[in-house]
Amino acid sequence: MTWLTWVLLLGYVGLSLALYRLFPRAGRKASAALIPGYNMWVVSELVGRKGSYSLLLLIPYFNMIWFAGLMVDLARSFNRFNFFEHVLAVVASWGYFGWLGTTNPEYRGPILVEERAWQAKLAAAEKAKDDREVRKLRNQAPFAKPVLRDWAEAAIFAIFAAALIRLLLIESYIIPTPSMENNLNVGDFLFVSKVNYGLRLPETILMLPLVHNQAPVVGGESYVDGAGLPYRRLPALEKIDRYDPVVFNVPSGDSVYIFPYRTYSSNDYEMGNIDANAQRAIQTGRAELVTRPRDKKDHYVKRAVGLPGETLEIRDRALYIDGSQVEDPENIQFLYDITFSGPPNRTNWADMGISTDDVQQRSATGFVMFLSDKQLAALRAGDPNGTFDFYDQTAPNGVRLYPHSEKYFGNWTVDNYGPITIPARGMTVTLDERNYELYWRPIKVYEENPDFERRNGKYYLAGQEITEYTFRQDYYWMMGDNRHNSEDSRVWGFVPEDHILGKPLFIWFSIKEGSLFNGVNWDRIFRSATKQGD
C-alpha cells in the first residue's frame, strides 16, 4: 500500500476510536463506532439525517464534500459552533473528535432537525411580514452568524463546488502557443469537457484547488507527489475521430525543467530541442529537474491526425493514412520564405489572423512567415510582384524528431516523415532493432513495464526473453494545424489513451495575441472549439 493509503486507513481507525467516546454521550452504543460503515450511519442519524444518507460516502470524490458537511454537523450537534473548530473537524477529524470526547461534551440533539424547525419559523414570520419576529429569529443562537462568517462559509463552499466541477466535469484551458493558429488562437480560453472521451478519474488528490501543476504567486508544484490513486477511466460518450481537437497531458512531460517562459522536458534537453539560455541553466545546475505524475503533466491541445492501428506518413507536407492521402484540416499553416517588392504595410496583418509569433523579419522586405492558404492568397493579392516560396524543410532532422534515432530514422523531416504504425490495444509487434527504437518508450513507460530492456540484441520483460509485444492500450498521433510551428507527435511520439484529458467545447473568452492589453476578440467568444475555420 502507498503511504497515502496508510494515512487514510489510520485516520479512519483514529476517527472510529474518537467516536467510541462520543457515541455514549448521545445515547448510542460505543461499540457501534467500531463497526466500519455503520459508524457513519449512526453519525448521519445523530446530526438529523437518515442513516442511509451515509451511503453517499461511497461515491468517489463527491464523498469528500459530503464527509466535510457530516463532520461539521456532528460538531454542531455537540454544541460546537466555532468556525475554526469546524475547520479542524474536517481536516483533522480523528484528532478533533478525540479531543472533544475528553471534554465531556453535551449532545444537544440532531442539529439539522433543530435547524429545519428554525427555518420553518423564519419562513412563516417572513410570510406573515412579522418584522419583529423575523429579527428575533435571525438573531437567535446558534443559527445567527456574523456577516464575515457567512461570506467565509459561502466562499469555502464555492471553492469546493468549483474544484469538484473542475475535477470531474469541465476544466478551463488557455491556448498558449500558435500551433493551432486560425482554428484555436493564442489567447483563446476554452472549456474542455472531461466526460466526452471518458472521464479520467483523478489520480493525484492532495493538491491546491483550481490550479494544475504550478502554485500561483509563490511558484513550485501545486500537489503532493506520491499521494495518488490508481488510473481509472469511465466509459466514453464518443470516440476520438480524425481531426478532432484533443486536450491531453504531453507524454514527454514526466521529467521537466521549468522556466518562467516555458517548460522543457528532459527529452528536449537530451535531443537539443532547447534554447541556449535554458541549456546553460541546466548544465550549471540552476534549473531543477521536476518529476511529475501522469495527470500533472502539462496540457497540450492538438488535432488527432492518426488513430490507433493506422500507419501514418507525411510526404512533401501531405498526410497519408494507410497509404491514402487525407484532406488537410481547414486553415492549415506552413512556413513561407517571402520577399515583398517593397516594405509591406503590416497594419492589416492582425485582421488577417497573422500572429506576431508567426512572423520573423529578416530585412526591410524579407520575412519568414507561418501562413494559411487564405492568408498567403491575401498577401499575394496585395503584392503581385513579391515572391512567396515554401521555406526549405528538406534538411534531415536526425535525433530532434521521434524516435530520436539517427541509425534508422535520421533522414526523416517534419515534411517527409514515416511511415510509422500507431499502436492499438491488442496489436502485437515483433521486436527487432528498428521496432525497439519506435516502441520502447510506450512499452516501458506508458504501459508501465519498467523491467523491459534490451541486452545483447535480445529483449526481456520481467526477466523473460520475448520476441514480440502486445499493447494494452490505444495510442494516437497528435499534430498542430500550424505544421511548421508545432511541437507535437513528430517530436515526442505517440499519445497514450491514459493521457487523454478531454474534448474542447467552446471558446468562452479570447484576448488578442494572448495579452489583455491588445484587446478582446469579441467575435471569437462562444465560438465552437471543434469547428474549423474562421
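N104 counts as exposed at 53% relative accessibility, where exposed means over 50% relative accessible area, buried under 20% and partly exposed in between (1.4 Å probe, protein chains only). N104 is not a glycine, yet its phi is positive at about 50°. This is a predicted model, in which local features need pLDDT of at least 70, side-chain atom pairs count only at pLDDT 80 or more, and totals for chains, interfaces and linings use all residues. Residues are numbered from 1 along each chain as its sequence is written, and side-chain values use heavy atoms, with hydrogens and water left out.

**Backbone: positive phi**

- N104 is located in the loop between α5 (93-100) and α6 (111-127); helices (H or I, at least four residues) and strands (E, at least two) are DSSP runs, numbered from the N terminus.
- N331 is likewise not a glycine and has a positive phi of about 70°.
- The loop between β10 (324-325) and β11 (333-339) holds N331, and this residue is buried, with a relative accessible area of 10%.

**Backbone: cis peptide bonds**

- The peptide bond from Y402 to P403 is cis, with omega near 10°; P403 sits in the loop between β14 (387-390) and α12 (406-409).
- G418 and P419 are also joined by a cis peptide bond, with omega about 10°, and P419 belongs to strand β15 (residues 417-421).

**Salt bridges**

- Side chains of opposite charge can pair when their charged atoms come close.
- The count comes to 29 salt bridges, each being a side-chain nitrogen of Lys or Arg within 4 Å of a carboxyl oxygen of Asp or Glu.
- R454 forms a salt bridge with E433, and the closest N and O atoms are 2.9 Å apart. This pair links distant parts of the chain, with R454 in strand β17 (residues 453-455) and E433 in helix α13 (residues 433-446), 21 residues apart.
- E437 forms a salt bridge with R454 at 3.8 Å between the closest N and O atoms. Helix α13 contains E437 and strand β17 contains R454, so this pair too links distant parts of the chain, 17 residues apart.
- R454 is partly exposed at 31% relative accessible area, as is E433 at 29%, whereas E437 counts as buried at 17%.
- The side chains of D488 and R490 meet in a salt bridge of 2.9 Å, N to O; D488 is buried at 0% relative accessibility, and R490 is buried with a relative accessible area of 2%.
- A network of salt bridges links E203, R294, E448 and D498.
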